[in-house]
Amino acid sequence: DTNIKGTIHLSQAALPHLRRARGNIVNIASDAGLHGNYFCAAYAATKGAVVALTRSLARETACDGVRVNAVAPADILTPMTERQLAAHLPREDQLREMASLYPLGRIGTADEAAAAVVFLASPAAAWVTGSIYMVDGGLTA
């Protein structure tokens, strides 16, 4: 309900205003929505739907001057990530193991994901629409 229905309903409500203002939408997808992930098929499916919605809306609204993009982060150290950790294992060991999957050797931060959103929402991205920006420490490189 949150990942795809929330994104659709918010977009529908905002689009009349965004068309008048020639604004933009930045959706939040996930690396799981592009390549799947273990033990989260439903989550990956909803984030894949956000990717498809982003690309379709970008095409539909470009003629109105509205840009639509998405940020697709991999693991970002958030409360949701913390909930994935096993209570019976040392937290730091689990985070180190998770970080070992990334070429940059660490998990991302909320500020790093937010910086991509800020860029896509800014005039610096005026010629960017329909893009899915990976914020993943090189995971999908």
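Is arginine 91 buried, partly exposed or exposed? Arginine 91 counts as partly exposed because its relative accessibility is 36%; buried means under 20% relative accessible area, exposed over 50%, and partly exposed in between, with a 1.4 Å probe and protein chains only. The model is predicted: local features need pLDDT of at least 70, side-chain atom pairs count only at pLDDT 80 or more, and totals for chains, interfaces and linings use all residues. Residues are numbered from 1 along each chain as its sequence is written, and side-chain values use heavy atoms, with hydrogens and water left out.

The side chain of arginine 91 meets that of glutamate 82 in a salt bridge, 2.5 Å from N to O. A salt bridge here is a side-chain nitrogen of Lys or Arg within 4 Å of a carboxyl oxygen of Asp or Glu. Glutamate 82 is partly exposed, because its relative accessible area is 28%. The whole structure holds 6 salt bridges. One of them pairs arginine 106 with glutamate 112, at 2.5 Å from N to O. Shared partners in salt bridges join Glu82, Arg91 and Glu92 into one network. Lysine 5 and aspartate 1 form another salt bridge, their closest N and O atoms being 3.2 Å apart. Aspartate 1 counts as exposed at 69% relative accessibility, while lysine 5 is partly exposed at 45%.

Asparagine 69 belongs to strand E2, residues 67–73. Helices (H or I, at least four residues) and strands (E, at least two) are DSSP runs, numbered from the N terminus. Asparagine 69 is buried because its relative accessibility is 0%. The side chain of asparagine 69 reaches the backbone nitrogen of serine 131 at 2.9 Å. Leaving aside residues up to four places away in sequence, asparagine 69 touches residues including Ile25, Thr54, Leu120 and Ser131, where contact means heavy atoms within 4.5 Å.

E2 is also among the elements that give two or more residues to the lining of the largest pocket. A pocket is an open set of points on a 1 Å grid over the protein atoms alone, where a 1.4 Å probe fits, with protein on both sides within 12 Å along at least five of seven lines; lining residues have an atom within 4 Å of a point. The largest pocket contains about 1,000 Å³ of space, the volume being that filled by probe spheres set on the points. Its lining has 33 residues, and Asn37, Ala74, Asp75, Thr81 and Gln84 lie nearest the centre. Helix H5 gives the most to this lining, with 3 residues.

Technical notes
A polar contact is a pair of N or O atoms within 3.5 Å; within protein, one must be able to donate a hydrogen and the other to accept it, and residues adjacent in sequence count only if both atoms are side-chain atoms.
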